[in-house]
Amino acid sequence: MVRRSALLLKSAAAGISSRLAEILVCPLTKQPLRMCEKTNSLISDSIGVSYPIVDGIPRLVPADGIILHSDQDVDSPQINSR
């Protein structure tokens with residue numbers, strides 16, 4: 001049981017599966033999300049928002065989204081002050 005838990009935690013730290021990333025959509029626009037492995041986040045290209053993946057769990061709450069600036073690379077989000 002302990003070994004199984006350790007394996008699950010190890011795989012969760014690696015990110016989410018590609019199959020799950022294909023199913024998830026933006027909570028605001030309901031458009032598909034793109035996986036960015038560089039920043040370990042899901043990107044909504046339609047509105048320019050990056051949703052973080054924390055411990056293998058996508059945080060798709062709109063308040064957790066990070067707005068991407070139009071003049072920056074989509075793979076490197078900047079945090080706006082709220």
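**Figure 1. Ser44 and its surroundings.** Setting aside neighbours within four places in sequence, Ser44 is in contact with Cys26, Thr29, Leu33, Val49 and Tyr51; contact here means heavy atoms within 4.5 Å. This is a predicted model, in which local features need pLDDT of at least 70, side-chain atom pairs count only at pLDDT 80 or more, and totals for chains, interfaces and linings use all residues. Residues are numbered from 1 along each chain as its sequence is written, and side-chain values use heavy atoms, with hydrogens and water left out. Ser44 sits in strand β2; strands (E, at least two residues) and helices (H or I, at least four) are DSSP runs, numbered from the N terminus. With a relative accessible area of 0%, Ser44 is buried. For that label the area must be under 20%, while exposed means over 50% and partly exposed lies in between (1.4 Å probe, protein chains only). If you look for Ile67 as well, its C-alpha atom is separated from that of Ser44 by 9.7 Å, and the two are 23 residues apart along the chain.

**Figure 2. Ser41 and its polar partners.** Here we stay in strand β2, where Ser41 is found. Ser41 counts as buried, at 3% relative accessibility. Its side chain makes a polar contact of 2.7 Å with the side chain of Thr39, and another polar contact, of 3.1 Å, joins the side chains of Ser41 and Ser50. A polar contact is a pair of N or O atoms within 3.5 Å; within protein, one must be able to donate a hydrogen and the other to accept it, and residues adjacent in sequence count only if both atoms are side-chain atoms. Not counting residues up to four places away in sequence, Ser41 touches Arg34, Met35 and Cys36, as well as Ser50, Tyr51, Pro52 and Ile53.

**Figure 3. The largest nonpolar core.** This view gathers 9 residues: Ile16, Ala21, Leu24, Cys26, Leu33, Leu42, Val49, Tyr51 and Ile53. A nonpolar core is a set of buried Ala, Val, Leu, Ile, Met, Phe, Trp, Tyr and Cys residues joined through side-chain atoms within 4.5 Å. Strand β3 supplies the largest share of this core, with 3 residues. Ala21 is a handy place to start looking: leaving aside neighbours within four places in sequence, Ala21 is in contact with Ile16, Leu33, Met35 and Leu42.

Figure 4. Cys26, a member of the largest nonpolar core, is buried with a relative accessible area of 0%. Cys36 is buried too, with a relative accessible area of 3%. The count of disulfides in the model comes to 0, where a disulfide is a pair of cysteine sulfur atoms within 2.5 Å.

Figure 5. The structure holds 3 salt bridges, each a side-chain nitrogen of Lys or Arg within 4 Å of a carboxyl oxygen of Asp or Glu. One of them joins Glu22 to Arg19, with the closest N and O atoms 3.4 Å apart. Both residues lie in helix α2 (residues 18-23), 3 residues apart, which is about one turn of the helix. Glu22 is exposed, with a relative accessible area of 57%, and Arg19 also counts as exposed, at 54% relative accessibility.

Figure 6. The side chains of Arg34 and Asp45 meet in a salt bridge of 3.1 Å, N to O. This pair links distant parts of the chain, 11 residues apart: Arg34 belongs to strand β1, and Asp45 to the loop between β2 and β3. Arg34 counts as partly exposed at 30% relative accessibility, as does Asp45 at 48%. In another salt bridge, the closest N and O atoms of Arg59 and Asp64 are 3.2 Å apart. Arg59 is partly exposed, at 38% relative accessibility, and Asp64 is partly exposed at 21%.

Figure 7. Asn40 is not a glycine, yet its phi is positive, at about 50°. You will find Asn40 in the loop between β1 (34-36) and β2 (41-44), where it is partly exposed with a relative accessible area of 28%. Asp55, also a residue other than glycine, has a positive phi near 55°. Asp55 is placed in the loop between β3 (49-54) and β4 (57-58) and counts as exposed, at 61% relative accessibility.
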